[in-house]
Amino acid sequence: MEQGEEVSLVGGDDALDFVAPNVVVPAVKTLDDHLAERAHMSRRTLIRRFREETGTPPMTWLTDARIDRARELLEATTVPIEQIGRLTGLGAPASLRAAFHRHLGTSPQEYRTLFRHKDEMADA
């Protein structure tokens, strides 16, 4: 990469492309440091550019992606809630419940029940 060259975080072989398929990968370093290293830029530059392109800092984006994946699993599968936290990188069931309450104002079980009830009503 040349001095002053524009770097996009949303296309090509870059940090954001790495994060999406690796949402569940546990962090060895902080997420920001790991992404900055992969993108060949400083942590501060990575955070600034990531925020410019996505509107959120990397950890917020990752948490949102993990919540979205958990929602997909709750909506479309019968995977036990006890396993969804582990599968999505949100951790133990208590951590999954806390994240759901913080972001959605409901528990994973209530979300699954409401979503299934909504589908049943649409099919009727």
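1. A word on terms before we start: a contact here means heavy atoms within 4.5 Å. Please also keep in mind that this is a predicted model.

2. Let's begin with Ile47, which sits in helix H3 (residues 43-54). Setting aside neighbours within four places in sequence, Ile47 is in contact with Asp32 and Pro58. Pro58 is 11 residues from Ile47 in sequence, with 6.8 Å between their C-alpha atoms. Ile47 counts as buried because its relative accessibility is 19%, and the cut-off for buried is under 20%.

3. Asp32 and Pro58 turn up again where two helices meet. The axes of H2 (residues 31-39) and H4 (residues 58-76) come within 9 Å and cross at roughly 105 degrees, so H2 is roughly perpendicular to H4. H2 contributes Leu31, Asp32 and Leu35 to the contact, while H4 brings Pro58, Met59 and Leu62. By type, these residues are five nonpolar, no polar and one charged.

4. Now for the rings: the count is three aromatic pairs. One of them, Phe50 with Trp61, is edge-to-face, at 6.1 Å centre to centre and 80 degrees between the planes. This pair links distant parts of the chain, with Phe50 in helix H3 and Trp61 in helix H4. Phe50 is buried at 0% relative accessibility, whereas Trp61 is partly exposed at 21%.

5. Tyr111 and Phe115 are stacked, with 6.3 Å between centres and 20 degrees between planes. Both lie in helix H7 (residues 108-123), four residues apart, or about one turn of the helix. Tyr111 counts as buried, at 13% relative accessibility. Together with Phe100, Tyr111 and Phe115 form one aromatic cluster.

Definitions and conventions:
Residues numbered from 1 in each chain as written. Predicted model: local features only at pLDDT ≥ 70, side-chain atom pairs only at ≥ 80, totals over all residues. Heavy atoms only, no water. Axes fitted to C-alpha atoms, helices over the stretch in contact; angles between N-to-C directions. Parallel < 35°, antiparallel > 145°, perpendicular 65-115°, else oblique. Nonpolar A, V, L, I, M, F, W, Y, C, P; charged D, E, K, R; others polar. Buried < 20%, exposed > 50% of the residue type's maximum accessible area, 1.4 Å probe, protein only. Phe/Tyr/Trp six-rings, centres within 6.5 Å; stacked < 30°, edge-to-face > 60°.
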